[in-house]
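Subject: Structure for you to look through

Hello,

Here is the structure I said I would pass on. Please open it first and keep it beside you while you read the notes below.

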Number of protein chains: 2
Amino acid sequence: FYFCQKHKVLAASSVQSQKSLWMTDPITDIKDLEKNPDSMKTKMELLIMRIQGEVCRALEKEEEDKKFVVDRWIRNEGGGGISCVIQDGMVFEKAGVNISVVHGHLPPAAIQQMKSRGKNLSGKNLPFFATGISAVIHPRNPYVPTIHFNYRYFEVENEDGTKQSWFGGGTDLTPSYLNQEDCVHFHKTLKVACDKHDKSYYSRFKTWCDEYFYIKHREETRGIGGIFFDDLEEPNHEEIFKFVKSCAESVVPCYIPLVQKHKNNGYGYAEREWQLLRRGRYVEFNLIYDRGTKFGLFTPGARYESILMSLPLTARWEYCHQVEPGSKEEEMVQVLKKPRSWV
Amino acid sequence: FYFCQKHKVLAASSVQSQKSLWMTDPITDIKDLEKNPDSMKTKMELLIMRIQGEVCRALEKEEEDKKFVVDRWIRNEGGGGISCVIQDGMVFEKAGVNISVVHGHLPPAAIQQMKSRGKNLSGKNLPFFATGISAVIHPRNPYVPTIHFNYRYFEVENEDGTKQSWFGGGTDLTPSYLNQEDCVHFHKTLKVACDKHDKSYYSRFKTWCDEYFYIKHREETRGIGGIFFDDLEEPNHEEIFKFVKSCAESVVPCYIPLVQKHKNNGYGYAEREWQLLRRGRYVEFNLIYDRGTKFGLFTPGARYESILMSLPLTARWEYCHQVEPGSKEEEMVQVLKKPRSWV
């Protein structure tokens with residue numbers, strides 16, 4: 001008992017000591033986090049609070065013009081989130097780093113979607129808890145790629161009281177122009193994070209990523225991939241949490257070097273036009289295919305501004321746009337048509 | 001028999017005589033159209049060919065800069081279409097007037113969708129025929145509204161050989177700024193077209209339109225409505241065809257006066273920004289909710305360029321954009337939040 005008390009005290013002080021890393025107060029009351037230091041809910045919330053702070057501060061260092069605007073929002077149905085946004089900056093045209101900690105009851109459509117992926121759920125209105133960090137960074141310079149990452153933890157309670165819980169997530173890169181070195185750096189950094197936990201992860205989750213971020217009607221991927229996984233429960237929650245932590249911590253080293261390298265590249269009208277067309281494709285993927293966007297928008301009381309933060313500030317659609325043979329644009333499209341191995 | 005022959009000859013010469021009205025040759029061979037003058041397939045194809053020609057020519061008269069580019073495409077799985085597009089014109093930033101005449105087998109997802117609207121279909125791979133005209137006109141000037149219209153005829157054959165067929169369609173307007181006179185003119189012109197056929201049509205289809213073009217997550221309609229209907233089979237195909245004809249013929253008088261009235265209005269940066277934000281909403285509706293877009297994209301061998309022609313050349317998404325109280329922008333949003341009666 002004494003040990004347990006002591007442990008709690010330690011945890012409590014460590015929660016307080018993390019404050020300086022965050023963008024604002026967590027969604028769950030700090031006292032409640034302190035009371036349940038070993039709960040996966042607490043551990044995930046503290047992880048994503050810290051990652052949000054680290055990523056935002058690393059991006060702010062590269063942005064010369066603006067700071068993140070921090071929006072803390074509460075959801076009537078339970079929980080809330082923290083959205084950090086830079087809009088119309090010199091380096092980042094739109095950058096959103098969002099966390100959410102929500103609970104409530106799953107709408108039937110969401111239960112249906114989960115069942116269709118093989119979840120064994122029964123009942124019509126199951127209590128759920130979901131927490132995650134989700135970010136999309138759209139830089140202004142067409143030579144700096146767009147990055148997306150998302151790490152989440154999910155719990156659902158069946159009608160008979162049994163609980164299911166799992167992790168999902170991933171990090172992926174969407175350049176407008178192909179730079180081999182960048183792709184190798186990005187994928188290598190992800191592989192290192194994966195390899196620490198399971199030597200099979202990188203290759204499995206790289207393939208999964210290429211399959212998931214696929215714009216079916218165009219027969220091309222959204223970008224040059226990365227990693228993606230969902231419904232992860234094995235070998236156990238502790239191990240997966242450590243893996244998710246490594247992945248989330250790898251975002252800054254994956255991405256910031258690419259921003260630094262290209263943010264001052266010269267570019268002209270044609271490159272900007274191409275970037276806007278690519279952003280149109282990004283919008284197509286997110287609104288037509290992305291599970292997270294759909295799940296979000298169809299959840300009652302969803303904060304659509306946070307969900308649609310992933311959309312670029314501007315996008316463009318040209319009828320029957322064709323890339324010129326032998327051009328840099330064609331080089332990019334070839335990789336999207338046929339995903340490559342990068343490491 | 002003689003009468004029938006004579007009738008066919010008349011029909012044949014009348015098909016040939018319509019050539020000058022079209023943008024290019026029809027999808028179905030002219031000889032086949034001549035052979036089946038009384039078939040609803042023929043009548044619909046000839047109607048939409050003529051409407052495509054009329055609408056394109058009326059728009060070209062207003063466009064000072066460009067002519068429609070005409071693309072005739074053939075679908076491997078059966079049928080094809082004609083896409084007419086103006087892009088980056090002085091008056092029309094993007095204008096697409098598309099017809100399609102396709103046949104093949106319905107994919108299971110499409111059958112499921114139709115069943116969920118109450119269609120009594122059985123089987124897994126049902127032969128279908130679909131023909132229609134679909135257009136979206138995005139003008140450059142923020143004071144000229146975007147218009148969309150679509151008129152279509154659909155046939156599905158059940159496994160037991162029984163056939164179901166129905167009509168669908170509508171015309172609706174999406175202004176960036178509210179102009180009461182324009183809304184009244186637009187709705188009145190539609191009401192006149194409806195009233196010729198059934199005094200209950202306008203009010204039923206106006207309500208249906210407001211319900212259909214609804215961006216659920218934003219709790220606002222896409223525009224100021226118009227008419228929308230689907231699954232129309234009663235009282236009989238001949239009567240509905242006449243009604244559809246009246247609606248399709250009302251597009252030019254509904255819209256062209258608004259283009260003429262506003263195409264030279266003065267506007268500045270703020271109006272353009274607002275227009276682009278509204279176009280972002282347009283994209284959201286089309287990619288997340290629109291049945292036609294989904295049906296199109298999920299049909300094997302779909303020509304996505306024609307389906308996505310409805311998307312604007314440029315669109316914009318700002319995080320948490322707020323309209324100013326008392327502004328013209330707020331006036332517009334209020335109508336989208338609470339659809340009005342216009343006639």
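Where is the place of A:P235? A:P235 lies in the loop between β9 and α7 (237-249) of chain A; helices (H or I, at least four residues) and strands (E, at least two) are DSSP runs, numbered from the N terminus.

Before the rest, some ground rules. This is a predicted model, in which local features need pLDDT of at least 70 and side-chain atom pairs count only at pLDDT 80 or more, while totals for chains, interfaces and linings use all residues. Residues are numbered from 1 along each chain as its sequence is written, chains are lettered from A and ligands numbered from 1 in the order in which they are written, and side-chain values use heavy atoms, with hydrogens and water left out.

Backbone points

The peptide bond from A:E234 to A:P235 is cis, with omega near -5°. In chain B, a cis peptide bond joins B:E234 and B:P235, with omega about 0°. B:P235 sits in the loop between β9 (225-232) and α7 (237-249) of chain B. B:D231 is found in strand β9 of chain B. Its phi is near 60°, a positive value in a residue other than glycine.

The sheet in chain A

Strands of a sheet pair through backbone hydrogen bonds, either parallel or antiparallel. Here, two strands pair if DSSP finds at least two bridges between them. Chain A has an open sheet of seven strands in the order β1-β2-β3-β4-β5-β6-β9, with antiparallel pairing. Its edge strands are β1 (69-74) and β9 (225-232) of chain A, each of which pairs on one side only. From one strand to the next, the twist averages 5°; axes are lines fitted to C-alpha atoms, for helices over the stretch in contact, and angles run from 0 to 180 degrees between N-to-C directions.

Strands β3 (residues 92-105) and β4 (residues 127-139) of chain A run antiparallel and are joined by 13 bridges. The bridge partner of A:A95 in β4(A) is A:I137. Helix α9 (residues 269-289) of chain A packs on the sheet and touches β3, β4, β5 (146-157) and β6 (163-174) of chain A, where contact means heavy atoms within 4.5 Å. The direction of α9 makes about 165° with that of β4(A).

β1(A) pairs with β2 (residues 79-87) of chain A in the antiparallel sense, over six bridges. In β2(A), A:G81 stands opposite A:W73. The two strands form a hairpin with four residues between them, and A:G78 in the turn has a positive phi of about 135°.

Where the chains meet

The contact takes 32 residues from chain B and 32 residues from chain A. Between them the chains bury about 2,900 Å², 61% of it on carbon and sulfur atoms; buried area is the accessible area (1.4 Å probe) that two parts lose on being put together, summed over both.

The rule finds two salt bridges across the interface, a salt bridge being a side-chain nitrogen of Lys or Arg within 4 Å of a carboxyl oxygen of Asp or Glu. One of the salt bridges links B:R316 with A:D88, with the closest N and O atoms 3.8 Å apart.

β10 (residues 314-316) of chain A and β10(B) also pair, in the antiparallel sense over three bridges. In β10(B), B:R316 is the bridge partner of A:T314.

Regards
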